[in-house]
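Student: I have a model open and would like to learn how to read it feature by feature. Could we go through it together?

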Amino acid sequence: MSGHTKVPRYSNGSARTCQNCARAKIRCIRSTTTGSCDRCDRLGKACHFQQGRRAIGVASESSSKDRRMDALEAKLDRLLAQSNDATVSGASQTDENPAFAPTQLKDVIDKGVLTINAANLLLHEYRTTLMPYCPFVIIPPHATAANLRKEKPFLFLTILTAALYDNMPLQRTLEVEVKRIISKCMIFDGSMSFEILQGLLVHLAWCQYHSRPRRFSQYLHLAISIITDLQLDRAPEYRFWRTRVNFDGEADSNTISWGNEERRAVIGTFWFSSGISQILQKRSSFSYSLYLEAACALLASNVEYDSDRHLSHMVQLQRLSEKILPISSQRAPDAQSENFVEAYYREIRSELDLYQARLPFLLTENHLLFMQFQTVELYLCQVILFDYKPSAQHPRHDSPFQIEALRMGLTAARTLLEFYISLPLRREVAFNNANWVQLGFAVTLACKLVVTASEPSIYPHTADLTRALNLSNMLRRCVLRIQALVTSLMDARGDRDVFYHYGKKLKQAQWWFESRILSRSSQNESFPAAVYSSADMSDSQATREELDDYPAIPGAEVDFQWPGLFPNTYDDLFGGWMAQGSADLL
């Protein structure tokens, strides 16, 4: 036995070195023969000593594995210790300087995705083409890509992403970067800032270009949360940050304000939230407040850019649109509902006429305001004719005020659709998401209105407007215009560009409308041929066959930009209007 190396032991038979010190390859010192070693006692660790191995014979295979495992565990402990030290050090730097972490990340320029020259071209594209459709985030003429990249890196990234509408695969690549930074800043360890709010506004403004499913509502709520946390929904002198939970009033003595920039951003958040939620029948998450009126007044009195003078009129018109909600919600007493609705309709109609008459400029001077005004008229028509449910058992659908509302809707639909098809080619690529919601709503409602106007008792009162609208021809022209924007490009997931999907939805609306009109014509020989020409019959069948070439879209991925454009949802929207002869039509 003298030829074998003996392992020194204490009297209790355990090895000299505890497991913690053995893994760290550190000398284990134990002042007493019992209890923890000095190092474990100091660190507050549980100290364990293995029973000493027998020193007789050659080391077994299991003991060799144990030694390898101990060595690997020791290396892992050292790596974890180094990682924890680096995390603590980085956290201290971030706490001292909140801007430290984001500035250390490589952006799309550093990664070679884009050059700084390309970024300058895209910034110019944003200013000249896109910014008129989002006057809520203004980039000054003197700002360069390099400056914006340094001062507002997230806003810089979202602008580049929006301006890449002609390069869908690259745009989707940058969209992934945007999502990564949003998750870091809003969920993980970043700080919420006004720059993040501006970037979110740009990103949700053109979210129709995003990969599906699109997250407009989620981005909008993130933007609203920043406004709430930074108290941007009130004047700077009323931003009492922590006075109710902090005894130190000095912390609130220096209020922060971003001047006109923040006023535009808050106005834009309200405009997107209120306008889109009304059409899509959602609750607006950002309510109107008197501060919005004050912000508009300040911008109008200190105009920096030409678009500043239009913002107050956009907010005023949206407030007028919100006044239509009581009818849609059916809050009128049943006994007075019919008279109440008619009086309310005439009041809103009068206010819209007065609004237009008082504008200090032509409505056509501003595309955003022009499309918004026609949409408000269409929305009023939708609520009066389709959303409102009369309490009478056999309500009339051809009363004078209903005919008046129908004529208003036909006129507004024709005005908005003619505006769209008369735009210079490719102008619609700059439309923001709200503009596409408005246009989709106009197409949907126009189809419903023309079919409604074809009722025998109603058609004599609407024949002139129905012929002037010529919806079959109008829809074909819209389809051709959209198809001219479709490309063969695909993203990494194999998805096509947004105009491919818009073209499909337009064809679905076209097929639904033409099939209903054809059915009405075949059932009623006195139905006027002017509504539907013989040439349209073959087009209807061709449209149906073309739709078969498109892959089916899961219900969860239906684009909200085109509400109710699927044929099987139209009939439910007509309410009592289609009660007469519905069995023959459907």
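Tutor: Let us begin with a definition: helices (H or I, at least four residues) and strands (E, at least two) are DSSP runs, numbered from the N terminus. By that reading, the protein has 24 helices and zero strands. This is a predicted model, in which local features need pLDDT of at least 70 and side-chain atom pairs count only at pLDDT 80 or more, while totals for chains, interfaces and linings use all residues. Residues are numbered from 1 along each chain as its sequence is written, and side-chain values use heavy atoms, with hydrogens and water left out.

Student: What share of the 586 residues is buried?

Tutor: Buried means under 20% relative accessible area, exposed over 50%, and partly exposed in between (1.4 Å probe, protein chains only). Here buried residues make up 47% of the 586 residues in the protein. As for contacts, meaning heavy atoms within 4.5 Å, residues 24 or more positions apart account for 73% of those with a separation of 6 or more.

Student: How do I read the packing of helix 11 and helix 18, and at what angle do they pack?

Tutor: Two packed helices are described by the angle between their axes and the distance between the axes. Axes are lines fitted to C-alpha atoms, for helices over the stretch in contact, and angles run from 0 to 180 degrees between N-to-C directions. Helix 11 (residues 259–279) and helix 18 (residues 433–453) pack at an angle of about 20°, with their axes 10 Å apart. Angles under 35 degrees count as roughly parallel, over 145 as roughly antiparallel, 65 to 115 as roughly perpendicular and the rest as oblique, and helix 11 and helix 18 are therefore roughly parallel to each other.

Student: Which residues in helix 11 and helix 18 meet?

Tutor: From helix 11 come W271, F272, I276 and I279, which meet N433, A434, V437, Q438 and F441 in helix 18. The residues of this contact divide into seven nonpolar, two polar and no charged, where Ala, Val, Leu, Ile, Met, Phe, Trp, Tyr, Cys and Pro count as nonpolar, Asp, Glu, Lys and Arg as charged, and the others, Gly among them, as polar.

Student: Is D308 buried or exposed?

Tutor: At 1% relative accessibility, D308 counts as buried, and this residue lies in helix 13 (residues 308–322). Leaving aside neighbours within four places in sequence, D308 is in contact with R264, L299 and V303.

Student: What does A412 touch, beyond residues up to four places away in sequence?

Tutor: A412 is found in helix 17 and, at 0% relative accessibility, counts as buried. With those sequence neighbours not counted, A412 touches Q374, E377 and L378. Of these, E377 is 35 residues from A412 in sequence, and the two are 6.5 Å apart in space, C-alpha to C-alpha.

Student: Where should I look for backbone features?

Tutor: Most residues other than glycine have a negative phi, and most peptide bonds are trans. In this model, the peptide bond from R212 to P213 is cis, with omega near -5°, and P213 has its place in the loop between helix 9 (194–205) and helix 10 (216–229). R426, although not a glycine, has a positive phi of about 70°; this residue is found in the loop between helix 17 (400–421) and helix 18 and is partly exposed, with a relative accessible area of 39%. N470, also not a glycine, has a positive phi of about 45°, lies in the loop between helix 19 (459–469) and helix 20 (471–483), and counts as partly exposed at 32% relative accessibility.
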